[in-house]
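Work through the exercises below with the structure in view. Each task is followed by its solution.

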Amino acid sequence: MNCSANELRSHASDHWPSLAGINVDHWHQRLNNGSDDSFVVLRGTEFGMEIIRHDDASLTVPIIPGRHDHDHDYDAAAAVPAEDAPTTRTLHPGQPGYTEALADWDEQQNPNREAATSTSSGREEAMAVVHAVAVDPEHDVHKAVEALSDPEPSAEALRHVLVGGDPSVKGFAQEVAEAEGDEQIATHKVTKIISEVLAEIDS
């Protein structure tokens, strides 16, 4: 993919007048990284649509059609009238864009929350709770969170991980393995557990 943020913004304005002026920069990198040939995921809060988290940790996010990289022509989805074009897409842990969408979903829960910060003790407890959920045969997130002395620093540490995207999650998974002396948990599983832990703490 190779589409400038201005081209994407112009396309959104032409095909969806109500989206004119939205901030597409957050997701523009996803498009040019070739993560998806058909759609560009946009921050729902930018144009009045919320990201919805489901019990299986999947996220329903707002979208607009993307573009092919070889000729810059809009793909078939973009040629569909705006009223018929899909307006949402469901992302699952491990899919491109999921980590960023999860960070936006978490921000959506408390828009006035200050930028996430990570303390040493908070990160240690965050690693412990992620590992506890991962190795628990019952996958009891509530029990793992309940065992935390103070959930908020752990939540802040996990939010801080999400801000860094997939590379940050992968690095966090390596830290968990080293700290617990165990095998490294798959990155998509760590992202899913982070989603579950944050949802439990926010509930």
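Buried means under 20% relative accessible area, exposed means over 50%, and partly exposed lies in between. The model used here is predicted.

**Exercise 1.** Classify E152 and R159 as buried, partly exposed or exposed, and state how their side chains meet.

Solution. 
- Step 1: E152 has 37% relative accessibility, so E152 counts as partly exposed.
- Step 2: R159 has 5% relative accessibility, so R159 counts as buried.
- Step 3: The side chains of E152 and R159 form a salt bridge, at 2.9 Å from N to O.

**Exercise 2.** Describe the salt bridge between K192 and E196.

Solution. 
- Step 1: K192 and E196 are four residues apart in helix α9, which covers residues 187-202.
- Step 2: The N to O distance is 2.7 Å.
- Step 3: K192 is partly exposed because its relative accessibility is 27%, whereas E196, at 11%, is buried.

**Exercise 3.** Locate A157 and list its contacts beyond four places in sequence.

Solution. 
- Step 1: A157 is part of helix α7, residues 151-163.
- Step 2: With 0% relative accessibility, A157 counts as buried.
- Step 3: The contacts are T117, S118, G122, R123 and A126.
- Step 4: G122 is 35 residues from A157 in sequence, yet their C-alpha atoms are 5.8 Å apart.

Technical notes
Residues numbered from 1 in each chain as written. Predicted model: local features only at pLDDT ≥ 70, side-chain atom pairs only at ≥ 80, totals over all residues. Heavy atoms only, no water. Helix = DSSP H or I, 4+ residues; strand = E, 2+ residues; numbered from the N terminus. Buried < 20%, exposed > 50% of the residue type's maximum accessible area, 1.4 Å probe, protein only. Contact = heavy atoms within 4.5 Å. Salt bridge = Lys/Arg side-chain N within 4 Å of Asp/Glu carboxyl O.
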